[in-house]
Amino acid sequence: MPAIIKQFFFKSHEMTLSDPRFISLNQWLNHYFSYDVTPVLISGDASFRRYFRITTADASFIAADSPPALVPIAPFIALSKAYSAVGLTVPKVIAADEKQGFMLLSDLGDIQLLSVLTPENVSDYYRSALALLPQIAAVVESTCPETGLIQSLPLYDEVLVRRELHIFTEWLLGTHLQLSLNEVEVQLLNQSFDILVDNALSQPKVGMHRDFHSRNLMLQGKTLSVIDFQDAVIGPVTYDAVSLLRDCYISWPQTLVADLMAQHYQQTLAQGFIPVDTPFSQYQRWFDLMGLQRHIKAVGIFARLHYRDNKPAYMADIPLTLTYIVDTAMAYPELAPLAQWLQARVLPAFDVVHSKVETDQ
C-alpha cells in the first residue's frame, strides 16, 4: 500500500491535535475568520476527504479536508459552480486553498434523504429527486478554477467501465473471498462484463452525477440539495436514475421502482435525452443492466474500503447489493449463467467468510 495512502488512514475518535492536516486546516481557518474557531469532525466519506463543522455567533460552515495528492479539490469547485448555474442547490465554495486541499463551504445541514425515507413518503421524495436529473444531465462541461478554461467533463468510456467492473474481481472475489477462478469462470465473467460494457456504451450520453443516491441528497425544509458531485462525467442516460431507485443502502418494492422508472423514461423522452422512438423495453434493458454494472462495481468498492481504506462499515451493504445483482442478472437469459454462478460459488463463500468474521469478533 502506498505510504501516501497510509498517511491519511484514521478513525474519527483517534484524531487529535497531533494530526498535521488538522493543525494546518485549523490555522487556515483561523486566518480566514481572523479569530480562533473550533472545527468539529462530522464525517469522513468513502474517499480520503474529511468534513468539519464550524459554528460562529451567527452562522455555521463546513470545512473540507481533501488531501491534494489523493483527492484534488479543483473538480469539486468547478462542478459546484456548474451545478449552481443550472439551478441546483449545492454547497457554495466560500474559500479554498487548492495547494493544501482545504475548502470552506456553506452548510447544508445534517439531514440526509436516506434518514427520513418511509414507505409513505418515498415516492414523493424520489419524484422530486428524479426531477433534478434534467439539470444534472445538462452539465457536460465546467470551468477549470486554475486556468479559467472551459473543459468537457470526462467521458464514462469503455476503459473506465471495465476498470470499475474489475474492482469486483480484485477486491471482492480475490481479496475478501480468496477465490481462485478457473478458466471457465474467468470466461464467464469476461463474457458477462462484455455485455454490460456494450450496454453502457450503447446508451445516449448526458451529464452524469455518478453517485446520485439517498446519502448524497440533503434535505433542508422541502429543498433537496446535491452533494458529492466532484466525480461527474458524461455517461449513460440511465445511470443516475438507477443509482437512486436501486440504492445500495436501501431497498423498495419493485412496483414502486417500476413506477418511478417509468417516470424517468417519460422525463428523458420529454427532455430529448433519448430518441422519441425509443421503446420502454429498450430503456428498461438499459436501466437494468446499468444498475447491474453499478452494483458489481459497488460490492468491489465496499470490500476495497474495508481492506485498503480501513472503513469496514460498508461491508454491511454488500448482501443487499449482491441480491440486486443476482435478481437482475437472472431476469436476462444472456446473464442468467452469471446469476447462477454467483448463487453457487460467491454467495456461499461470502456467507462462510462473514460467519468466520462474526465468530472471531
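Let's start with a pair of helices: α6 (residues 158-176) packs against α10 (residues 280-307) at an angle of about 50°, and their axes lie 7 Å apart. Keep in mind that this is a predicted model. Angles from 65 to 115 degrees would count as roughly perpendicular and those under 35 as roughly parallel, so α6 and α10 come out as oblique to each other. As for handedness, α6 and α10 make a left-handed crossing.

Now look at who touches whom. On the α6 side, the contact is made by V161, E164, L165, I167, F168, W171, L172, T175 and H176. Facing them from α10 are Q293, I296, K297, V299, G300, I301, A303, R304 and Y307. Sorted by class, the residues of this α6–α10 contact come to 11 nonpolar, four polar and three charged.

Next, the empty space inside. Rolling a probe the size of a water molecule over the atoms shows where such space is left. Here there are three cavities of 30 Å³ or more, and the largest cavity holds about 100 Å³ of space. Its lining is built from 16 residues, and L133, A137, V206, V237 and H264 are the ones closest to its centre.

Which elements supply at least two residues each to the lining of the largest cavity? They are α5 (133-138), β8 (205-208), α8 (239-245) and α9 (254-271). The biggest share comes from α5, which puts four residues into that lining. Taken by class, the lining of the largest cavity has 11 nonpolar, four polar and one charged residues.

Technical notes
Residues numbered from 1 in each chain as written. Predicted model: local features only at pLDDT ≥ 70, side-chain atom pairs only at ≥ 80, totals over all residues. Heavy atoms only, no water. Axes fitted to C-alpha atoms, helices over the stretch in contact; angles between N-to-C directions. Parallel < 35°, antiparallel > 145°, perpendicular 65-115°, else oblique. Left-handed = near helix turned anticlockwise from the far one by under 90°. Contact = heavy atoms within 4.5 Å. Nonpolar A, V, L, I, M, F, W, Y, C, P; charged D, E, K, R; others polar. 1 Å grid on protein atoms, 1.4 Å probe; cavity = no way out; pocket = protein on both sides within 12 Å on 5 of 7 lines; lining within 4 Å. Points joined across faces, edges and corners; volume = space filled by probe spheres on them.
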